[in-house]
Amino acid sequence: MATSQVTASLRNLSTFERIQPSTLRFPSVGHVRIGTLRQNSFPSLVVKAATVVAPKHTTVSPLGDRVLVKIKDAEEKTAGGILLPATAQSKPQGGEVVAVGEGKSVGKNKVDISVKTGAQVMYSKYAGTEVEFNGSKHLILKDDDIIGILETDEVKDLKPLNDRVLIKVADAEEKTAGGLLLTEATKDKPSIGTVIAVGPGPLDEEGNRKPLSIIPGNTVLYSKYAGNDFKGKDDSNYIALRASEVMAILS
């Protein structure tokens, strides 16, 4: 049980022989009775006043089109085995679905949540509200904030949801036109890549899916700072973004 602590120093006891019985009042607990203390009994007096702590919540049930995800732990090491301090650890973008809402109504149709309990998912980096219960961190977010379902531990196997597209990013230029080698910091972020997988499409006004015009295998040009970046186990770079952030198909 949490406590609030009050310390009363008794350094100048020469001015009196003892403290008479008295009552201290604390807003959180009412009255605390302090008995008679003789001189030099204690160098200091510590009063611990108990406070009432609300019981911890053990269940969170998302409503509507919201999903509860148990966040996976942040990576504590780099790929090379170097330990990362907490401040340098990347914010996780994945976890396990532990509960889902009842869905939402679009037009006259009821649309179910895109994921099921137990699915491993990736979500937008700054989406949702973080909550902690049962000793673990969780995230409550909307179904539309989930990028896709990860059926293996390979990013390239991500199954995009809704209007999301998974793209393998083209390699950045390593030299300038004049032949100078570029460092990682000075390489331009590519905005061209190959589509690996696409989602089933967005919902129309009646709650029906509209298939995307982009298909796997397309080489596309997309907005430079759009989407969520991921690094594959093969060191390839991937990006997941909305179809509306793809500007053109290249051929």
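Q: Which residue of β17 stands opposite V165?
A: In this predicted model, V165 stands opposite V198 in β17, and V165 also stands opposite L241 in β20.

Q: Why are β16 and β17 called paired strands?
A: Five bridges join β16 to β17, and since pairing asks for at least two bridges between two strands, β16 and β17 count as a pair. The two strands run antiparallel.

Q: Why is β16 described as largely enclosed by the rest of the structure?
A: Five of the six residues of β16 are buried, so the strand is described as largely enclosed by the rest of the structure.

Q: What is the order of the strands in the open sheet of six strands?
A: The order is β19-β20-β16-β17-β18-β21, and the pairing is antiparallel.

Q: Why is one side of β19 and of β21 left without a neighbour in the sheet?
A: Strand β19 (228–231) and strand β21 (246–250) stand at the edges, and each has a single partner strand, so one side of each has no neighbour in the sheet. From one strand to the next, the twist averages 40°.

Q: Why is N228 called buried?
A: N228, which is found in strand β19, has a relative accessible area of 13%, and because buried means under 20%, N228 is placed in that class.

Q: What makes N218 a buried residue?
A: The place of N218 is in the loop between β17 (192–198) and β18 (219–222), and its relative accessible area is 16%, so the value falls under the 20% cut-off and N218 counts as buried. The side chain of N218 reaches the backbone nitrogen of I215 at 3.0 Å. When neighbours within four places in sequence are left aside, the residues in contact with N218 are G193, T194, V195, S213 and I249.

Q: Why does E205 count as exposed?
A: E205 lies in the loop between β17 and β18 and has a relative accessibility of 71%, and because exposed means over 50%, E205 counts as exposed.

Q: Which residues is E205 in contact with, leaving aside its neighbours within four places in sequence?
A: E205 is in contact with V106 and G107. E205 and V106 are 99 residues apart along the chain, and their C-alpha atoms are separated by 6.5 Å.

Q: What makes a set of residues such as V67, V69 and V97 a nonpolar core?
A: Such a core is a set of buried residues of the nonpolar kinds joined through side-chain atoms within 4.5 Å. The largest one has 15 residues, and those with the most contacts inside it are V67, V69, V97, V115, V121, L141 and I146. Two or more residues come from each of β7 (66–71), β11 (120–123), β13 (136–142) and β14 (146–150), and β7 gives the most, with three residues. Not counting residues up to four places away in sequence, V69 touches G95, E96, V97, V98, V121, Y123, K137, H138, L139 and L141. Another core, of 13 residues, lies apart from this one and includes V169, L212, V220 and L241.

Q: How many helices and strands are there in the protein chain?
A: The protein chain has zero helices and 21 strands. Buried residues make up 33% of its 251 residues, and among contacts between residues at least 6 apart in sequence, 59% join residues at least 24 apart. The accessible surface comes to about 16,300 Å², of which 51% belongs to carbon and sulfur atoms.

How values were computed:
Residues numbered from 1 in each chain as written. Predicted model: local features only at pLDDT ≥ 70, side-chain atom pairs only at ≥ 80, totals over all residues. Heavy atoms only, no water. Helix = DSSP H or I, 4+ residues; strand = E, 2+ residues; numbered from the N terminus. Axes fitted to C-alpha atoms, helices over the stretch in contact; angles between N-to-C directions. Buried < 20%, exposed > 50% of the residue type's maximum accessible area, 1.4 Å probe, protein only. Polar contact = N/O pair within 3.5 Å; in protein donor to acceptor, adjacent residues only side chain to side chain. Contact = heavy atoms within 4.5 Å. Areas by Shrake-Rupley, 256 points an atom, 1.4 Å probe, with all protein chains shown as cover.
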